[in-house]
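Let's look at the labels given to this model and ask what stands behind each one.

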Amino acid sequence: MSFSPLNSQVQCGLGRTGYLWAHEAYGVFPDIMTLAKPLAGGLPIGAVLVTERVASAINYGDHGSTFAGSPLICNAALAVLDKISNPSFLASVSKKGLYFKEILKQKLGGSSHVREIRGYGLIIGIDLDVPATPLVDACRNSGLLVLTAGKGNVVRLVPPLIITEQELDRAAEILSQALPVLDS
């Protein structure tokens, strides 16, 4: 029996891409999908969604989870799903993501170190031709928390889904002001 690839929605799922599930952006529908952090708004939960075909191939007890969900956490997950699955909420994430990428391209696109600004919704990567750590450190010192990704040369931006355009403007400004640290 063969199955389509496993899809993890731990960091990129539940609306972050502007789609409820990240795989929807690519037209791929996995047989097995793992869920965690975003499902209950950061509270400890884990879940696995499977197609009926996969479900018929596993038995009770074949799968377990430390964070399968208490009644309290499951109620939190229902509240999160109710909010995030709203089409207008997902549209706002897409809109903010496009807005953020555009202002990042305006403010950072002229840098010789920026190779690409990419992403879907509110998961964005700034691909650099040098290690990103100095920029990450400079941003942190200015009040903006960002991460590295890839081989350490990508600045990963994953702001809260409820972020405002004004906050995105401020983040882009901090990144722009910190960018000269890459020339050192």
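This is a predicted model: local features need pLDDT of at least 70, side-chain atom pairs count only at pLDDT 80 or more; totals for chains, interfaces and linings use all residues.

Q: Why is cysteine 74 called partly exposed?
A: Its relative accessibility is 30%. Buried means under 20% relative accessible area, exposed over 50%, and partly exposed in between (1.4 Å probe, protein chains only), so cysteine 74 counts as partly exposed.

Q: Is cysteine 139 buried or exposed, and what makes it so?
A: Cysteine 139 has 0% relative accessibility, so it counts as buried.

Q: What is the angle between helix α4 and α5, and what is that arrangement called?
A: Helix α4 (residues 133-141) and α5 pack at about 125 degrees, with their axes 9 Å apart. Angles under 35 degrees count as roughly parallel, over 145 as roughly antiparallel, 65 to 115 as roughly perpendicular, and the rest as oblique; therefore α4 is oblique to α5. Leu135, Ala138 and Cys139 of α4 make the contact with Ile174, Leu175 and Ala178 of α5, where contact means heavy atoms within 4.5 Å.

Q: Why does glutamate 173 count as partly exposed?
A: Glutamate 173, found in helix α5, has a relative accessible area of 26%, so the label is partly exposed. Its C-alpha atom is separated by 41 Å from that of alanine 68, 105 residues apart along the chain.

Q: What makes histidine 113 buried?
A: Its relative accessibility is 12%, and so histidine 113 counts as buried. Histidine 113 is found in the loop between α3 (87-108) and β4 (114-120). Leaving aside neighbours within four places in sequence, its contacts include Asp127, Leu128 and Leu182.

Q: Which elements have the lowest and the highest mean pLDDT?
A: Strand β1 (residues 6-8) has the lowest, at 45, and helix α5 (residues 165-178) the highest, at 98. pLDDT is the predictor's confidence in each residue, from 0 to 100. The chain averages 89, and 92% of the residues score at least 70.

Conventions: Residues are numbered from 1 along each chain as its sequence is written. Side-chain values use heavy atoms; hydrogens and water are left out. Helices (H or I, at least four residues) and strands (E, at least two) are DSSP runs, numbered from the N terminus. Axes are lines fitted to C-alpha atoms, for helices over the stretch in contact, and angles run from 0 to 180 degrees between N-to-C directions.
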